There are 2 protein chains.
Amino acid sequence: MEKEEKTAITPTREEDYSEWYQQAVKLSDMAERSPVRGCMVIKPWGYSLWENIVHELDDMFKDTGVKNAYFPLFIPLGFLEKEAAHVEGFAKECAVVTHHRLEKNDGGGLVPAGPLTEPLVVRPTSETIIGDAFSNWISSYRDLPLLINQWANVVRWEMRTRIFLRTSEFLWQEGHTAHATETEAMERTKLMLNIYARLAEEYLAMPVTKGRKTESEKFPGAVETFSIETIMQDKKGLQAGTSHFLGQNFAKASEIKFQSFEEKEEYVWTTSWGVSTRLIGGIIMTHGDDNGVILPPRVASSHVVLIPIYRSSDDKAKVMEFVEKLGLEIKNLFYHHRKIRVEIDDRDIGGAKGWEWIKKGIPLRVEIGPRDIAKDSVYIARRDKPHREKISMKRDQFAKEIVNILDEIQNNLYEKALSFKEENTVSIDGGARFYEFFTPLNKDKPEIHGGFAFSHWCGTNECEAKIKEDLSVTIRCIPLNQNTDKGKCVCCGRPSSGRVLFAKAY
Amino acid sequence: MEKEEKTAITPTREEDYSEWYQQAVKLSDMAERSPVRGCMVIKPWGYSLWENIVHELDDMFKDTGVKNAYFPLFIPLGFLEKEAAHVEGFAKECAVVTHHRLEKNDGGGLVPAGPLTEPLVVRPTSETIIGDAFSNWISSYRDLPLLINQWANVVRWEMRTRIFLRTSEFLWQEGHTAHATETEAMERTKLMLNIYARLAEEYLAMPVTKGRKTESEKFPGAVETFSIETIMQDKKGLQAGTSHFLGQNFAKASEIKFQSFEEKEEYVWTTSWGVSTRLIGGIIMTHGDDNGVILPPRVASSHVVLIPIYRSSDDKAKVMEFVEKLGLEIKNLFYHHRKIRVEIDDRDIGGAKGWEWIKKGIPLRVEIGPRDIAKDSVYIARRDKPHREKISMKRDQFAKEIVNILDEIQNNLYEKALSFKEENTVSIDGGARFYEFFTPLNKDKPEIHGGFAFSHWCGTNECEAKIKEDLSVTIRCIPLNQNTDKGKCVCCGRPSSGRVLFAKAY
């Protein structure tokens, strides 16, 4: 038997997926836990990935007429209380500001002082504070639609946190729109869902299932919540973005009214929609391998690292000249309307460099030594291929081909993820088979189970709750292109009018 | 006597500068007060100005090797206490989080619950939380310099707030760097000061005086604070950006040590530097006139608005076709490496449109009606000229000239601001003349006083404090290119070794 190759990440995904994730994040140098409970520090390599996602998404938003603005971090308690379901949903996880200064106590230590008359909640989401602004900005149908987005930090005091996936503070965008008609608001809700699906599939190389949430899973205060759902390599689902049709719930809570063309006073119809730094967790868990993170080129923190290789200082001068010239040339090329992002790693730390970049997930590594230069060649390794698979290519050919190579990697990552999704998605009928599918094969690895199951459901909260209780499996969504074959609920056997997507989820 | 023309802003700057400012902000639609004490809502027109400032500055930072990251919003109380002067400086204005959920009380109302064992402060600045991260990231001279920046919101609970200039929450960037040597840290401090000066002068068209702060005005915990100081039209100073040399104060507080090339353990030397949404207030107060805001083209929210003018629907179709074609053509032109930002205002609200854009401060307004089209012309008004001064120009010539026209406006705004600064900056000797200079001519307008005074100061806290007490005048900075003529302190008459910059300030 061939000796198994050591991997850069210990444990492997197979051995312990959850720990593999923590290690992959750590060794990629993208983020780390902070001393503040549940909060993370996003390090430069992780933050630039986020910046690239922001740029792409921001352009897509603006193309549909959305404008950015900024609203207060703090929400007066009374605002949150205006929408009953909303406050119910967020009350258990709110950071509350109660004082506005610090004072020395008798022991010389600092204690909160200057109590506020009304406590302020650090925004967990901004429907109520933005709703208040909208009620001032909108008076006539001429002011509609109002299409606003903000890039911001939000805080939800989570009890069990996991870096990028569930943190007490995270970065996100939240879009908020107001419309004169129900139809138009629903169209906007779906338009934004489609933009999220496009971001996920075309940029993050993550195939998605679009669907509607059940009553019990929807956003607190929404009439309908739509989401994009993705599958991770441990076969669990990840909700990667949500778009909410809020009906007139928040319009009524915040008194957002307008005078219609027919001169009648009416409540507006609103939507809200968001994605967050959670997407970074999704990228890692979709594409990563046992050597660490793999970044999809269209949003990668950097596209390519040039690694000069030399022994003598004579060699060094020659190699560096070649490398810098190549770097300059590539930096001025465009990959999908963005300049190619190039690193030159000239640190004097020997062979460890290559492995560092593998763990960071950079799409292309290019080694250049005196022998390559003699042949006017470069030595290329793609992150989507086994790490030893390197090819020599003429320098000019490389400069000509790099954009195509990046595209190939992008497509390859998407195809791989799509195959994984298809292999692990099944249609299941019958309770026994359904329960079997979601029972781990191996007790030592309870997290590795069946995958995505499209199964029949009677539509009741009871069956949904029982399945959740029994298997920790939830209805991820009722797919938008729902298969409407008739069948029987996998829980109670009563008739069902269509299959829904079941999975364990983050 | 000619009848005075009505202005768009009431009162005028002359009548009541402070109220003029509030009205100019309001009528520009850039921002408004929020229901949260001291916090503002930045509306799309204000936010896109901020986005443009961010883009320019972010590029400048990155060109010097700085990388962006993100650190927690919350700072444990114990962290803040690590640097004595620092906590002293911020304790009086901290928003303090003491609870992590909300619970219903007996009356059914919500109250804070889940008390935290250690209160968290909403960051007023991040030296201590970033210092903690640095202490983990740095172990060897090879890790230095470490050059980090974050774009973030911060909270300082101000008692008297004024939109953009002093708000409880504001947006800013804070750069934090660590270096192996004192010299290198000081060089970085000055490099960033120079970048701020370049941003202010070349982009915001605001001439600055660069200098060092006195002991009493420096950042809490800094060894030296440098700033750029600008003059507003009411002749008060505005501190527009600061760069701090922190010595080893925060390195010692957070135990940021490294092993030197000589294998000795040493503390790093750190710097921090920031500018904020306050810059927007500076732009308004530097360039605005009695018709409202005037935006410098290089950061303007938009560069040009095309205003179609028509009566009949036949005209409308013809005019709109012409306008849209012109719009498309201009949108693809570049002004200083950025695409030209174009608005088309086709709202059916008649003549009010032109005035709205004047108040918003857009650099160029272009009116296009059937008669212009017949001549293949457009009718252009520049915001830096009197509002009636409009010129007709051939369409193609306009498309060819627009970049030059924007540059002319940019230069014109800078020249105007520079003349104002020069006219209102004097060298003053002698206490009597100094006191007279800063005494308002008119008791009804205490805010209009002398301006910037370069005067001698003995260097003591006492004289500085007395002048502040007597006149509300502070030492804005000790200019970097200090005039070293000998003289006598304007307060006590003792010898002084150079002039410093005195002014009333925001």
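**Where chains A and B meet**

Visitor: How many residues of chain A are in contact with chain B?
Guide: 47 residues of chain A are in contact with 47 residues of chain B; contact means that the C-beta atoms, placed from the backbone, lie within 7 Å. This is a predicted model, where local features need pLDDT of at least 70, side-chain atom pairs count only at pLDDT 80 or more, and totals for chains, interfaces and linings use all residues. Residues are numbered from 1 along each chain as its sequence is written, while chains are lettered from A and ligands numbered from 1 in the order in which they are written.

Visitor: Which strand gives the largest share of that side of chain A?
Guide: Strand S5 (residues 96-104) of chain A, with seven residues. Strands here are DSSP runs (E, at least two residues) and helices are H or I runs of at least four, numbered from the N terminus.

Visitor: What does S5(A) pair with?
Guide: S5(A) pairs with strand S5 (residues 96-104) of chain B, antiparallel, over three bridges; pairing takes at least two DSSP bridges. Val96(A) has His99(B) as its bridge partner.

Visitor: What rotation superposes chain A on chain B?
Guide: One of 180°, with 0.0 Å of shift along its axis and RMSD 0.0 Å. The two copies are therefore related as by a two-fold rotation axis.

Visitor: New topic. Is Glu321(B) buried or exposed?
Guide: Glu321(B) counts as exposed because it has 12 C-beta neighbours inside 10 Å. Within 10 Å, 20 or more other C-beta atoms make a residue buried, 12 or fewer exposed, and anything in between partly exposed, with C-beta atoms placed from the backbone.

Note on methods:
Contact = placed C-beta atoms within 7 Å. Least-squares fit on C-alpha atoms with pLDDT ≥ 70 in both.
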